[in-house]
Amino acid sequence: METKQLSRVDLIFKPEGKEIELLKKKLNEDGDDFILELIDSGLKGRGGAGFLTGLKWKLAREAKADQKYVICNADEGEPGTFKDREILERVPRKVFTGMALCGHIVGATKGYIYLRAEYKYLAPKLKKCMADLNDEFKKIGLEFTLDIRYGSGAYVCGEETALIESMEGKRGEPRNKPPFPVTEGYLNKPTVVNNVETFVNTMIISEIGFKEYKKLGTDHSRGMKLFSISGDAVKEGIFELELGMSLADFVEEFGDGDTKAVQVGGASGFCVPRKKFKETIIGFEGIPTGGSMKIFNSSRSMYNVLHNYLDFFQEESCGQCTPCRVGCQQLLLGIEAVKRRERPSSYLDELMKLADTMKISAKCGLGQSVGNAFVSIIENFREEIVY
Amino acid sequence: MINLTINNIPLSVEEGTTVLDAARQLNLRIPTLCYHEDLCIAGNCRVCVVEQVGMRNLLASCATPVRENMQILTNSMKVRQARKNIIELLLSEHNSDCTKCYKNGNCELQTMANEYRTGNHIYTDLIPLKHNKVDVSSPSIMKDDSKCIRCQRCVRTCAELQGVNALAVAHKGHEMKISSFYDKPMHEVVCTNCGQCINRCPTGALVERNYIEEVWNAIYDPTKHVAVQTAPAVRVALGEELGFEVGERVTGKMVAALRRLGFNSVLDTDFTADLTIMEEGTELLTRLKKALVDKDQSVTLPMTTSCSPGWIKFIEHTYPNLLPNVSTCKSPQQMFGALVKTYYAQKKNINPKDIVSVSIMPCTAKKFEAQRPEMRDSGYQDVDYVLTTRELAIMIKQAGIEFLKLEDEKFDRFMGDSTGAAVIFGATGGVMEAALRTAYELVTGREVPFENLNITPVRGMEGVREASVTIANVLPEWSFLEGVELKCAIAHGLANAHKLMAAVESGDANYHFIEVMACPGGCLGGGGQPIPTSPEIRNKRAKAIYAEDEGLPMRKSHENPEVTQIYEEFLGHPLGHKSHELLHTHYRARKRY
Amino acid sequence: MSNTENFVKELADKHGRKRESLMPILQEVIDARRYLSDETVVNIARELDMSAADVYGTASFYSFIETKEVGQYSIRLCKTIVCDMKGKEAILNAIEETLKIKIGQTTPDRKFSLSTTNCLGWCHKGPAMLINDEVFTELTPGKVIEILENYMNR
Ligand SMILES: Cc1cc2nc3c(=O)[nH]c(=O)nc-3n(C[C@H](O)[C@H](O)[C@H](O)COP(=O)(O)O)c2cc1C
Ligand code: SF4
Ligand code: SF4
Ligand code: SF4
Ligand code: SF4
Ligand code: FES
């Protein structure tokens, strides 16, 4: 399989300035062409699920409706992810013009950014930026207005249909799919929901062109990605890297020399032990990530890590569906019981089956991914759970 | 049409059909819990999962529309393993003390657990961690969170069918639960006691407050005369609990069973249903006269019916300003209660303090109604105990009565006679039809101009219906009604009532007379009726009601000889002094929030 | 008209009376009053023509919308794994000792409430906490006591 050397890129945080100019250019071009370019670029959503962005925009463009919406998902709640915050702090114009571009392409005149409550301190600056841009859009003849909505401390509202429910003033309970938001989203109108970083990427593609963009990354994972690196790392923080590197290279660069495991993709991602660093590719062909990379060295107890995640999930599950609501509680109580020797270690095998059931039967991505961390930690660090 | 296979059997179904419904077309049952025919799709319990060949994740069959060339497996190993796990999870969160549970024997969760033989509870019992409380504050319903599987059927019922939203989902994650406003006792919130949530709760988490032991004790007490009345809708549904098909009328067997249970008098609420028509019909005509002839501004029209206590509590909370529109007639149950401890006591020479008045109702709201302080006009609590159809069935079973084999019997004399008009009170539109049969004839001297007295425009299951009757060639004393087009509307289910009353409040609707029943389908779909319920079941019960009506010799309330007799002997005339005292009541504004 | 009634009315005038207006209204109530009293819920329900249970049920879903009384300053300490690894426990002890309250409690003067929360998005600078909307990172026990003292004097 194709892998890339670890290489730094500097596109996302390049100084702002050309956004309106780029947008203006796109206004005069055929929207279908840009969709083709976007699809060709291979850009997949940066929020975790990895849906082809161009295809999403195409579906929304084709949907017939008197009103459509563009929503920027800035709910960034995945433990260990903080790149969207950094983007919004440093290059918000790129995000907002990306949304406007999307609006132009799909035929939406209204854009919302859904900002998590934890980032509310950013709001004054963002609002100012949006107000300026609203004026500038008008000046270049683009009918598109930006507005802001806030989360209120619920991780699951990062899931796009829960986010929409929340914007509609309801509990953030994910919807049944189909229908998908591109046909029935906010207020049942066609809606594009994209991640903050995804919108920036669309602006980059419209600036450098899809051919240039395609040079980055691998066949399955085009482009670059922001990584939020934390834990036992020599360098913590945000790094923009080409997709497709091996985890071994990554650990070489960022680990503290004593790395035992890396949690790729946050609590809903996978735990990779040292022995698998070499074979693990960071990207859609290997382990995809919304950007969270947490590094653990040998002093860390993987029991504590797992316990922490399960506690997170049992609180943050929306609670509507059985596998997730009850499953999370059972997994947490289960490892506690094994630790306290109230249950034999073979109970972990029952729990592994349960985790599998949750993966395939939960209603949304939250419940479906609890098993990722659970299975990968139990498989690789079973003795740490039991003893 | 969409082509697919289910368990390798090819079929084609209409676009938009769910996988669940498609499977049903093959007579394949997929287990469900959160799904209910009356409600929107939730897709949250996940027991209905099926496998789509080639896909990793299972699909919730209730929430997934069919797609071309889908290959569905409803019972693969993957499906079974997941489904079993899910049922186990539900049970781990559930206080499974079936032997002590009111729903024992008629519980969807129990049936499913039984079907899957989930004997060895593998997971941790979560109940000790949850500190659930049982809410017994309401005289009508009990809420036991330890039995709740969080399917949200009750919440959807209360919102979609009833428009009340007394129940909501609160909190999230492991703390998620079904809650009233700030988790206050049900008796203190806007709940109408309609019991529709009970009818759709798949477990014992929501059940009626039952008074079976109290009634047995009264029956066993030799110093008491226990008089029972039975509402019209009971007789077309009781059979469902006792081995009959849906839609079978069991009036005669019910009467026989009541006697065998030991009730001293077996009477019929239908009698006071006829009386209600006399009183309410007269009230309507009086209001019309005052409005049309006297131009009295203080008269409120449209007048609405008042026989549904769920509706009464709803309007008291929601439209207190429209309370003057509500007929002052008590519900038939309460008229009956007031008469049993006065007229009937006199006639039978029984001291009213020794009478225990029991009513068998399709309704849970009537339990609350019986306990209203307004309902003591006989000098005693007019109705002592209200049992639902379900509770009566339990008593019959407890007494070892072989219901299927009973010979039919007739109600007692005095307050046991009734007409077809009273019977149709049990169906939505029935009160309207009965009232029209009498009022039209009273005013014109002729029968209503509908074939065989069947006023079909007011029948049916449409949520809100309108009808109008033009009154012509009236008798001289009613000349003010000559040519008047009497405009009527009917709503059943409180969400529909809500819509209708909003139109009345805003002045968009100019009706004269409105019938409202709190429950979908009317009393035949009441909160105390056999479980399960569905549109099909309610339709069958309605059919049975109209058949009962057609089969009766008397079809018009004013023809009931016992009604004539009670006016002669006791009440005087409709809306007279005595009527006012015993048969009419007043309402109180309650807080909406 | 009571104070709360007026307040909610103004919010409804500003944000609208549709279901979509609910979250912005709830959020502004929290900004101004820190928690949702049952009186406030009732008023919101009336303005938006919803049931009180529905407003309550929705509000209680969101952990930043408190439905029980809390203090003027809500301290939310991140408890997710990286902050935990970086010494969250010591920070928690320092806060508990300084304010003499435990998680879930409010100081008797109603000034501070303490809770833990999930990932704040500052793992690389943990331990982190929020006091209302303000973020504090790279906390040490000494630093956190200083911050609290600062707030006490506000
Ligand atoms: C539990 C859960 C949480 C999620 N949180 C986020 C989030 O915080 N930000 C985000 O962009 N996407 C999040 N997603 C993914 C979204 O559902 C959606 O796929 C994404 O916003 C689409 O944008 P993209 O295609 O640009 O990635 C989450 C998904 C799940 C299941
Ligand atoms: S998987 Fe979890 S978060 Fe998703 S719908 Fe089910 S309970 Fe809610
Ligand atoms: S609700 Fe059903 S399963 Fe639960 S205890 Fe009662 S009968 Fe048994
Ligand atoms: S009894 Fe009726 S009003 Fe009360 S909670 Fe149940 S459905 Fe709602
Ligand atoms: S009370 Fe009954 S209907 Fe309501 S969620 Fe619980 S189990 Fe379902
Ligand atoms: S019946 Fe389909 S998810 Fe509950």
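Trainee: In which sense do strand 3 and strand 5 of chain B pair, and over how many bridges?

Mentor: In this predicted model, strand 3 (residues 49–52) and strand 5 (residues 70–73) of chain B run in the antiparallel sense, over 2 bridges. Two strands count as paired if there are at least two bridges between them, so these two qualify. One of the residues concerned is Gln52(B), whose bridge partner in strand 5 is Ile72(B).

Trainee: What is the order of the strands in the open sheet of chain B?

Mentor: The order is 2-1-5-3-4, made up of 5 strands with mixed pairing.

Trainee: Why are strand 2 and strand 4 of chain B said to stand at the edges?

Mentor: Strand 2 (9–13) and strand 4 (59–60) each have a single partner strand, so one side of each has no neighbour in the sheet.

Trainee: What makes Glu93(B) and Arg325(A) a salt bridge?

Mentor: Their closest N and O atoms are 2.8 Å apart. The cut-off is 4 Å between a side-chain nitrogen of Lys or Arg and a carboxyl oxygen of Asp or Glu, so the pair meets it. The count between chain B and chain A is 2 salt bridges. For polar contacts across that interface, the count is 17 residue pairs.

Trainee: Which elements of chain B supply the side that touches chain A?

Mentor: Helix 2 (77–92), helix 4 (127–130) and strand 8 (168–170) each supply at least two residues. The largest share, 8 residues, comes from helix 2. By class, that side of chain B has 19 nonpolar, 11 polar and 8 charged residues.

Trainee: How many residues are in contact between the two chains, and what area is buried?

Mentor: 38 residues of chain B are in contact with 34 residues of chain A. The buried area is about 2900 Å², and carbon and sulfur atoms give 52% of it. On the side of chain B, Leu89(B), Lys172(B) and His174(B) lose the most area to chain A, together 20% of what that side buries.

Trainee: How many residues of the shell around ligand 4 are nonpolar, polar and charged?

Mentor: That shell has 7 nonpolar, 3 polar and no charged residues. Among the residues around ligand 4 are Cys158(B), Cys191(B), Cys194(B) and Cys197(B).

Trainee: Which residues are closest to ligand 5?

Mentor: Of the 13 residues that surround ligand 5, the closest are Cys148(B), Cys151(B), Gln152(B), Cys154(B) and Cys201(B). The shell divides into 9 nonpolar, 2 polar and 2 charged.

Terms used: Residues numbered from 1 in each chain as written. Chains lettered and ligands numbered in written order. Predicted model: local features only at pLDDT ≥ 70, side-chain atom pairs only at ≥ 80, totals over all residues. Heavy atoms only, no water. Contact = heavy atoms within 4.5 Å. Buried area = accessible area lost by both parts, 1.4 Å probe. Polar contact = N/O pair within 3.5 Å; in protein donor to acceptor, adjacent residues only side chain to side chain. Helix = DSSP H or I, 4+ residues; strand = E, 2+ residues; numbered from the N terminus. Nonpolar A, V, L, I, M, F, W, Y, C, P; charged D, E, K, R; others polar. Near = heavy atom within 4 Å.
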